[in-house]
Amino acid sequence: MPGNVWLNVTRRKKLENRDQQLSRHRRCPPLTALDAKANTEFPGLVVRKDLIGRVRGNAVVPGYVLEFLLAQYCATDDEATIDAGIESVRDILAQHYVHRGEAELMKSTIRDRGRHRVIDKVTVVLGDK
């Protein structure tokens with residue numbers, strides 16, 4: 001369990017450092033009238049494609065996963081809400097997205113807790129013990 005916490009804290013710190021560097025260089029462009037109308041007519045369903053690059057970085061997360069999470073947490077034009085939403089998306093990915101090298105760690109986490117939400121394609125073999 002302590003290894004899992006250390007891994008999440010380390011990954012989160014790396015993501016925060018990268019986000020600070022990126023946020024200095026680029027901010028979100030202002031919304032056009034069409035963007036604003038789409039946000040009012042379809043709340044929570046509009047995906048800000050310009051935010052995908054801010055969240056993804058070098059992660060191997062599929063684009064549709066990022067788009068789904070960004071539509072839930074960043075479908076607004078308020079900069080503070082967008083920054084909080086990006087932080088929420090990063091936290092969700094750090095806790096629930098499984099990288100290939102972390103398969104055994106996830107098995108251990110599930111064994112210890114009894115259940116754990118996973119964002120990934122999962123193959124399961126039931127052991128009759």
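**Entry 1: arginine 90.** I began with a polar contact (a pair of N or O atoms within 3.5 Å, one able to donate a hydrogen and the other to accept it; residues adjacent in sequence count only if both atoms are side-chain atoms): a polar atom of the arginine 90 side chain lies 2.5 Å from the backbone oxygen of arginine 54. I noted that this is a predicted model, in which local features need pLDDT of at least 70, side-chain atom pairs count only at pLDDT 80 or more, and totals for chains, interfaces and linings use all residues. Residues are numbered from 1 along each chain as its sequence is written, and side-chain values use heavy atoms, without hydrogens and water.

I placed arginine 90 in helix α5; helices are DSSP runs (H or I, at least four residues) numbered from the N terminus. Is arginine 90 buried or exposed? Arginine 90 is buried, because its relative accessibility is 4%, and buried means under 20% relative accessible area with a 1.4 Å probe, protein chains only.

**Entry 2: alanine 94.** I found alanine 94 in helix α5 as well. Alanine 94 is buried, with a relative accessible area of 4%.

Entry 3: In α4 (residues 63-73), I listed Val65, Leu66, Leu69, Leu70 and Ala71 as buried. Their cover includes α3 (52-56) and α5 (79-96).

Terms used
Buried means under 20% relative accessible area, exposed over 50%, partly exposed in between (1.4 Å probe, protein chains only). Helices (H or I, at least four residues) and strands (E, at least two) are DSSP runs, numbered from the N terminus. Contact means heavy atoms within 4.5 Å.
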